[in-house]
Amino acid sequence: MRISVDPEVCEAHGQCSIVDMDLFPLDDDGYSAVGPDREVPEGEEDAAKLGVDACPVRALRILS
Amino acid sequence: MTVPRTDSVDLTTPAASADPFAVFRALRESDPVHWSKAHRAWLITRYDDVSAAFQNKAFSNDRVRPVLERKRQAGAESAATGVLGLMTGWMVVNDPPVHTRLRKLAAGAFKGQRIAAMDAMITGIVDAHLDAFVRGSGPQDLISEVAYPLPATVIATMLGAPPEDRDRFREWSDELALVAFGTGGAARADRHERALRGLREMESYFHTLIEKRRTEPGEDMLSALMAEEGDDRLTDDELVGMCALLLFAGHETTTNSIANAVLALLRHPDQLDRLRRDPALIGPAVEELLRFDGPIKVLNRWVVAETEVRGRTIRPGERVHLVLASANRDPEKFAGPDTLDLGRSPNPHVAFGKGIHACIGAQLARMETRIAVARIVERLPGLALAEEPAWKDVLASRSMEKLVVTHT
């Protein structure tokens, strides 16, 4: 599974990072540092889905 | 209603506590960065300004330490400084790098999957409280019977404390809230002394619990908090502080989330019907209920560098109040902000704050509120308000004295 963030949409709510700060790191200003294409380690797909769903502005998505 | 610039808004008057949204609307429109003499603080009320303030490094979370130092300089080593001493270690009142380290060490315990696994445990606790409520007839207080005991029981269970100790968790939480949220009138005079007595008992209780987990680790949250992260771990004193913070931050807020949500549904029967017809709506419904009338009105920040917000110069040593409950009703951000729409999406409310300090317990609070509201709606048909609720005259939280309802 791969995930991505749209930096134009991210508003730094930080909700993804609460779900899992390793899968969903933030930069110093609180914006998502997931980047355009980040691999989810095997076995952490459910956590990745929870984190993507936690975004209140739908800035995160599952690429594959 | 308009607020002249010279006027000073007090958010703790009975009128403002009963309907803060009218005051917030006036402030957003006529003086969105308002100096309040009553609070000796700036009131920031527009969504964009509140949002930006969460990222503004001129606004510090290190706001208990200055108060503690002032009291110590005045030679007032007392019960008050004891309480404040414990609180200065909390991540919520620290900036990076202290905050970063604590947050990282706490994060594992709050991971989404760990919280999701608590679904059945929380549902069981909710149902146990509702069983007693359903058996009762006539007007009953949904707060004292359900919304208030629930979160303390969940926290006690999460930490692995035996069921017979749960009442003590509620008492400790109340004492902590007295200091951190503040109250007026007679309770103010001895609040620190009362809190300190409770706190000493709580500290020794948590130390004992930590010792026990060290020899018998479990699946509980305390065991997770004790785990190493990289080559670092929380000290015993930090663990005690973390347990106290978890209880303090997770109790009254969750009580009010549930109670305010139920009140909003009772005041909007069309939306209550909508939720009854479509229980799967509970996820977005809770987000909307948090936006519409969430548990926190105001978060504080301490100003450490000169900064400007909407043309107003804010100086070091001053305080700012970020009015979350106002930001969540800002028409610039939310269409029809005073309309409760359980299907609202997207819903970027700031009921849990934003950025690096965003509530670490947000997923847990969401789950507790979702389960409680869903079960209340399902198990209490004919739920109706039995009397007009009275609101507590407090600045930080949006809190009713009682929520007296009947059911059939």
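1. A cavity is, on a 1 Å grid over the protein atoms alone, a set of points where a 1.4 Å probe fits but cannot get out; grid points are joined across faces, edges and corners, and a volume is the space filled by probe spheres set on the points. In this predicted model, the structure holds 1 cavity of 30 Å³ or more, and the largest cavity has a volume of about 100 Å³.

2. As to conventions, this is a predicted model in which local features need pLDDT of at least 70 and side-chain atom pairs count only at pLDDT 80 or more, while totals for chains, interfaces and linings use all residues. Side-chain values use heavy atoms, with hydrogens and water left out, residues are numbered from 1 along each chain as its sequence is written, and chains are lettered from A and ligands numbered from 1 in the order in which they are written.

3. The lining of the largest cavity comprises 17 residues (those with an atom within 4 Å of a point), and C10(A), H13(A), G14(A), C16(A) and C55(A) lie nearest its centre. By class, this lining has 11 nonpolar, 5 polar and 1 charged residues, where Ala, Val, Leu, Ile, Met, Phe, Trp, Tyr, Cys and Pro count as nonpolar, Asp, Glu, Lys and Arg as charged, and the others, Gly among them, as polar.

4. Over all chains there are 10 aromatic pairs (Phe, Tyr and six-membered Trp rings with centres within 6.5 Å; planes under 30 degrees apart count as stacked, over 60 as edge-to-face and the rest as tilted). The ring centres of F169(B) and Y205(B) are 5.8 Å apart and their planes stand at 90°, so this pair is edge-to-face. F169(B) lies in helix α11 (residues 166-181) of chain B and Y205(B) in helix α13 (residues 191-215) of chain B, so the pair ties together parts that are 36 residues apart in sequence; helices here are DSSP runs of H or I with at least four residues, and strands are runs of E with at least two.

5. Both F169(B) and Y205(B) are buried (under 20% relative accessible area, with a 1.4 Å probe and protein chains only). Y205(B) also forms an edge-to-face pair with F206(B), at 6.1 Å centre to centre and 75° between the planes, and F206(B) is itself buried, with a relative accessible area of 0%. Ring pairs link F169(B), W172(B), Y205(B) and F206(B) into a cluster.

Technical notes: Buried < 20%, exposed > 50% of the residue type's maximum accessible area, 1.4 Å probe, protein only. 1 Å grid on protein atoms, 1.4 Å probe; cavity = no way out; pocket = protein on both sides within 12 Å on 5 of 7 lines; lining within 4 Å.
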